[in-house]
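Look over the sequence and the model, then read on.

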Amino acid sequence: MIPQLTSEQLLEAAHHYGTPLYVYHAERITHQFESLRQAFAYAPVRFFYAAKALTNLHILQHVHRIGADVDCSSINEVKLAITAGFMPQQILYTSNSVSFDEIAEARALGVHINIDSLSNLIKFAEANHGSYPVGIRIRPDILAGGNLQISTGHDRSKFGIALSDLPEVYRLIREKELHVRVLHIHTGSEIKEVDVFLKGLDLLFDLAPNFPHLEAIDLGGGFKVPYKEGETGTDIQALASAVQEHFYAFENRTGIDLEFWFEPGKYLVAESGYLLTAVNVLKRSGNIEFAGVDSGLNQLIRPMFYNAYHSIENLSHPNGAVQTYTVVGNVCETDTFAEDRPLNQVREGDLLCIRNAGAYGFEMASSYNARCRPAEVLFRAGEMHLIRRRETLDDLLHLQIPLGD
Ligand code: LLP
């Protein structure tokens, strides 16, 4: 059975810690991880959790405990992962547009590094880092993902080293003893079609014989999870079988043995997270009934930024007659969580639950309008734990420096 938090647990958390509140469910993360592990049991495979989806230390620790590795997009994420208990060899650092100093720091920490630009790769090779194995992120010119904003592998994307720059990479391998251990692509987020992964995989297989030190193919993250009722996500079983077929064919053809790496973010944590928010105000305008809540784009930006759909339910009035509401936030901007959404009758004070808020929810939150970021709670083995206290006005003032005049 798929682990879910009950309405009672969510109401209890909101009652205890107030709203707006992020609530996560550890067993759901474990469930997601196990489904990946089982599907790919045939292969030498490693799953690096894309920490950028949710970096709370307790989430990182949980992910570590259940046996995943971790993918970091900044040196601070690397440091958080180390703090959470990951060993350097369990940490992958994949970033873009970073200063070379950050890459040098990652090297000093001994973590795996994927380099995303020719410029930094040249610096890496020239700084006599030839012996330190490295991964390179390739821009495969594949258009994929839920929408253009989260599509990263197409031919106008800022990410990765262009295929046309590969001759220069081969030169570095020949002349500077650059040791390329991993070929990496990440074509986007919310990729449902198995074929997109296979297209990327075949491209990397074609390139593989040019890399004498190659040990792993890293296909990035991007597995889709269902956000809408009735929607389906990436068929992980189908993906695993198709990858297996391509993997064996490649092995038989070339005699090259490779590991598979993946970097799932959303797949592991999206469905484990809930944003609880209370209804402050009901307002009728023409035929629109607005439900104004105590959250906003500063706390969950996905609906406004990507036009993303998140399912919403009224926990306080589950049997109320269904009516249509436009759910909006309290930020001084148009911040619509859902337009014309059927909900059980909403009353001021009711508690709404926004689902699938675990990935890129709290993590992309800000203190815009000087509103404090929510607290975070983790349910584990049925117990509720506060894992981040609510931000306060003092926190907001803390970094500001009085001029003394
Ligand atoms: N690996 C790399 C190199 C990435 O850039 C990303 C996500 C991932 C892995 C994890 O992708 P996932 O499995 O979570 O789809 N904020 C957007 C998603 C941006 C993803 C950025 N990179 C959203 O909320 O939809």
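Q: Which residue forms a salt bridge with Arg46?
A: The model is a predicted one. Arg46 lies in strand β2 (residues 45–50), and its partner lies in strand β3 (residues 69–72), so the pair ties together parts that are 23 residues apart in sequence. The closest N and O atoms are 2.9 Å apart, and the partner is Asp69.

Q: Is Asp69 buried or exposed?
A: Buried means under 20% relative accessible area. Asp69 has 9% relative accessibility, so Asp69 counts as buried.

Q: Which residue forms a salt bridge with Arg28?
A: Arg28 lies in helix α2 (residues 26–39). The closest N and O atoms of the pair are 3.1 Å apart, and the partner is Glu271.

Q: How many residues apart in sequence are the parts that Arg28 and Glu271 tie together?
A: Arg28 is buried, with a relative accessible area of 6%. Glu271 counts as buried too, at 13%. Arg28 sits in helix α2 and Glu271 in the loop between α10 (266–269) and β11 (273–285), so the parts they tie together are apart by 243 residues.

Q: Which residue meets Asp141 in a salt bridge?
A: Asp141 is partly exposed, at 37% relative accessibility. The N to O distance in the bridge is 2.8 Å, and the partner is Arg139.

Q: How many salt bridges does the structure hold?
A: Some salt bridges form a network, which links Glu190, Lys224, Glu231, Lys266 and Arg302. For the structure, the count of salt bridges is 19.

Note on methods
Residues are numbered from 1 along each chain as its sequence is written. This is a predicted model: local features need pLDDT of at least 70, side-chain atom pairs count only at pLDDT 80 or more; totals for chains, interfaces and linings use all residues. Side-chain values use heavy atoms; hydrogens and water are left out. A salt bridge is a side-chain nitrogen of Lys or Arg within 4 Å of a carboxyl oxygen of Asp or Glu. Helices (H or I, at least four residues) and strands (E, at least two) are DSSP runs, numbered from the N terminus. Buried means under 20% relative accessible area, exposed over 50%, partly exposed in between (1.4 Å probe, protein chains only).
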